[in-house]
Structures are given as structure tokens and as C-alpha cells.
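The exercises below ask you to read a protein model step by step. Try each task on your own before you turn to the solution.

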Amino acid sequence: MATITKRGDSYRIKVSCGYDVEGKQVTQSMTWRPDPGMTPNQIKKELNRQAVLFEEECSHGKVTANIKFETFAEQWFREYAELNHKDTTLQRERQLARRVYPAIGYMRIDKIAARDIQRFINSLAKNGTNELNGMPLSYKTMRHHLSFISTIFEYANKLDMISGNPCSKVTIPKNNENGKAEVKEKRIYTKKQAREFLKILAESPMKYRVFFTILMFTGFRRGELLGLEWKDIDFEKRTVHVIRTSNYTMKNGMYTDTTKTEKSRRIIDIPQELVDLLRAYRAEQEEYIAGMGDKWNKTDRLFTTWDGHPMHNNTPYTWLERECKKRNFPFYGLHSFRHFFASVEIEAGIDPTTVAAMLGHSTPQTTLSTYSHYFQEAKVRASNVVADVLLGGDEDEKEPEKTAG
């Protein structure tokens, strides 16, 4: 409720606008001066009207807390992100903040308008480059930046510091000649290439042969595969249980974490050929451990360094890149094997719910969105099945003989 104080021939109207990041109450005030000749009753009536209007402005976010975006964002990191987000997510958000802070970090959140954020997003489309390869930023990367900014404003809104989110009015530019969002086509090995790669693996060190064979047969994420332990494998039932991940960040180094989502915890069936390969790998590893003696760091992990510590997340990537170059074989990165697995499952007619469960997606919608092109191709093939049967040839199938009774 507004507080009104008379100050000489004017009045100060003071309204509470919530609390700042330190928990202190934030107030805004305005001065109203009555026109000459107004009667006391007219002054009282107009003063109350001005107080109501000003209070309404505050409640609708037209008057807000005067704190800089970067200051509040850092508070969000401490109060929310560091308590709720995985370290890998935090690391990505910190990388996003490095671009966002120079653009709008110095501005007060009550002064940042949609046009300011739009200007920043436009600058990413025109001038932004990937630090690793120097290529222009993708549509997805620009969306991540906008999402990060939006999250900060949503948090401010929950704390009653603002009302409304300017990001809702921002549009990510279409960054190709056709005026459509540029979607980078997934590079996926063909079935022929996959079989050729299996031949390469047959001549490779056992741990890499096992790593990439599991990857091709299951579509696991890298962290899920590196987090596998021998107790997760049921040789009799021919299953692998995904319950943890192995990750790396600059802050924490190598560490073990839970799966990406609850649905990522899953049990996957594997073929007998993979079971036999895993048995051979375990026997080789046990023989190696016996020879290491006290130098071995006791662990149940499948994939380790020479002395038993968890394998670094970049190690399989580096080996694959080097091996592909040496063999003159296409290098598409680790995640391409996950895409390969998904594409083969979809082509085989497996429904989205089952594919989502096998990939560990949180919902089938994620699978449908990620692999929409492949599902569309599968639908086209399915629609042609009856036509192929009815119009594919003149040979009649022999009617099954009917028996009495």
C-alpha cells in the first residue's frame, strides 16, 4: 500500500516494489504537486488517484528494482543454479555469461528492454563466432544465450522484483538465405561405413574396441559409457544397467554424477556377440590388474587410465580422431554413433516411445524432435508398404489350405 507524505506544497507517494537480491525492501517514490486553486477535497481525491496509479505501475513492473543484470545474475548462480544444476550445465551457463555480461551486464534490470536483448542476439547472428573452430554461431547457440537471459529474468519475476519478461518479445534471426533457421545436418555413418569401422576396431586395442562397439550397439552417451562398472553388466540376462555418468569440468576435474535425467536410468539388452566381447575384455583387464600389483587404483570401472583411475572424457574422442585420420576414415565425432543407433532403430520401424526409452530421453517428444527427419522418412516408407504389396508384381501368393474341423 502506498505511503503519502506532505512536503511543503507537494506530496511524496512511496510504494514498496518487492525485495532486492540481498533481501532488502525496494521502494520507489514519486512527487505530486496539486494545481493552483484546487480545493482540499479535490486535492485529497486526486492524491488518492495518483497513489493508486503509481502503485499499479509498480505492480506491473513499470517501476522495478534498480540492480544491474550481472549483479543479479551472479546472485542467481549462487542462490539457484549452483544448488539445482549439474556441474556440466553450470559450466555451459558460465560460458554463456561470458558473452552476455559485456552486452547487458552493466544495465539495470528495470532498464533492459526487449530491444536491448534483440540487439545483442542480432550481434551474435552477425558477428558471433565459435571459439573452437571460428565458425559463425549456430541458431541453437543463439537460442541458448536467449534462454540463459530469459532464465535470469524469470527468477527476478519470482522474487517480485519485476513483472514480465522482455525476452518473450525477442526473435532469433533466421541465418540463412532461405529465411529459415539454419539446422546443422547430423553427420551419421552409413551401415556400410559402420561395418567398415567394426573391422577397424577388430585391429584396435581391446578397451577402444569395447568402448566403440558398445557405443554402436546401444547409443549410450559418452558420460554414461565411461561411468559403466562391471556390476552394471548382467552376463546371464545379457543386459547393461545405466545408473551413473563420468564427467569432467575445469572446476571439479573427473567426477561421478547421476544420469542426465531420471529416464536416463535404464536397462538395455545387448546381443550375445557383445556379451562375449565383454567377457574377453574383463579377462584381459583382470590379467593386467594382477600384473600391476600396488600400482593399480582399485576400481570397478570398465574404462580407466593405465593405473585404474577413470578414463578422461576426451580420451575416446582423441583416439577416434587420430585413428580415423590414420585410416583415412570419415571422422564425425562420438555423438554420431548415438545418431547412427537412433537412425537404425527408426528405420527398422521401432516406435518413438521405445526409441526414447533406449536412448534415455526424458520424453518421446524429445526423440521425435531430435530425429524428426528420420521418423518422416520412416512414415513415407510405411505408407508405401501396401502399394508395394498390391502393385509390386503379378505373382499371387498361394492361399493357405483350409482344413475341416
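**Exercise 1.** Leaving aside its neighbours within four places in sequence, which residues is Phe303 in contact with?

Solution. Keep in mind that the model is a predicted one. Once the neighbours within four places in sequence are set aside, Phe303 is in contact with Lys207, Val210, Phe211, Ile214, Leu225, Leu226, Tyr281, Pro310 and Met311.

**Exercise 2.** Decide whether Thr213 is buried or exposed.

Solution. Begin by locating Thr213, which lies in helix H7. Its relative accessible area is 8%, and since buried means under 20%, Thr213 is therefore buried. Finally, look at what surrounds Thr213: not counting residues up to four places away in sequence, Thr213 touches Leu198, Leu201, Leu274 and Leu277.

**Exercise 3.** Work out how H7 and H10 are oriented to each other.

Solution. First take the angle: H7 and helix H10 (residues 314-327) pack at about 100 degrees, with their axes 11 Å apart. Because angles of 65 to 115 degrees count as roughly perpendicular, H7 and H10 are roughly perpendicular to each other. Then identify the residues that make the contact, which are Tyr208, Phe211 and Phe212 of H7 and Thr315, Pro316, Trp319 and Leu320 of H10.

Key: Residues numbered from 1 in each chain as written. Predicted model: local features only at pLDDT ≥ 70, side-chain atom pairs only at ≥ 80, totals over all residues. Heavy atoms only, no water. Contact = heavy atoms within 4.5 Å. Helix = DSSP H or I, 4+ residues; strand = E, 2+ residues; numbered from the N terminus. Buried < 20%, exposed > 50% of the residue type's maximum accessible area, 1.4 Å probe, protein only. Axes fitted to C-alpha atoms, helices over the stretch in contact; angles between N-to-C directions. Parallel < 35°, antiparallel > 145°, perpendicular 65-115°, else oblique.
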